[in-house]
Amino acid sequence: MAEFLSDNPEQTLKFGENYAKNLKPNAVVVLNGEMGAGKTVLTKGIAKGLGIDDEVLSPTYAYMNDYSGKLFHFDCYRLISGAQAEALGLCDYFYAGGVCVIEWAENIQDVLPENYKTVTIEKLGEGKRKIIYD
């Protein structure tokens, strides 16, 4: 695991953009952090790093947003099990050739692929974050 200290949302965005350069098709990235930690900001950076110009929004009510098949952004906050994710067809996207970024993945832990990456964002203060990643 490595660490990156971000002083503001712009640095978190830039970190995500750089992090995306190491992601291969079918990569699954689990984002950990409390509400407001910056998970969606980081995902916006990943999208930019993957060459996606669309506006990236949190998919809270849709469960998953598809950005041109390059990025699948999940929000599993309202899911209660991996079986529910499977029933909704969400697990199919793990092997659809894009990068999957999953918020609140602990709710579907039992259906995640084996080799997923983890990024944890910790609030350190106003705009400051510690990003721990592999």
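Analyst: G127 counts as partly exposed, because its relative accessibility is 21%; buried means under 20% relative accessible area, exposed over 50% and partly exposed in between, with a 1.4 Å probe and protein chains only. This is a predicted model, in which local features need pLDDT of at least 70, side-chain atom pairs count only at pLDDT 80 or more, and totals for chains, interfaces and linings use all residues. Residues are numbered from 1 along each chain as its sequence is written, and side-chain values use heavy atoms, with hydrogens and water left out.

G127 sits in the loop that joins β6 to β7. Strands here are DSSP runs (E, at least two residues), numbered from the N terminus. Beyond its neighbours within four places in sequence, G127 contacts S6, D7, N8 and P9; contact means heavy atoms within 4.5 Å. V111 is 16 residues away along the chain, and its C-alpha atom lies 33 Å from that of G127.

Now the strands on either side. β6 (residues 117–125) and β7 (residues 128–133) pair antiparallel over six bridges; two strands pair if DSSP finds at least two bridges between them. Across this pairing, E122 stands opposite K130 in β7.

Both strands belong to an open sheet of seven, ordered β1-β7-β6-β2-β5-β4-β3, with mixed pairing. β1 (2–6) and β3 (64–67) are at the edges with a single partner strand each, so one side of each lacks a neighbour in the sheet. Neighbouring strands are turned by 20 degrees against each other on average, direction ignored; the axes are lines fitted to C-alpha atoms, and angles run from 0 to 180 degrees between N-to-C directions.

How values were computed: Helices (H or I, at least four residues) and strands (E, at least two) are DSSP runs, numbered from the N terminus.
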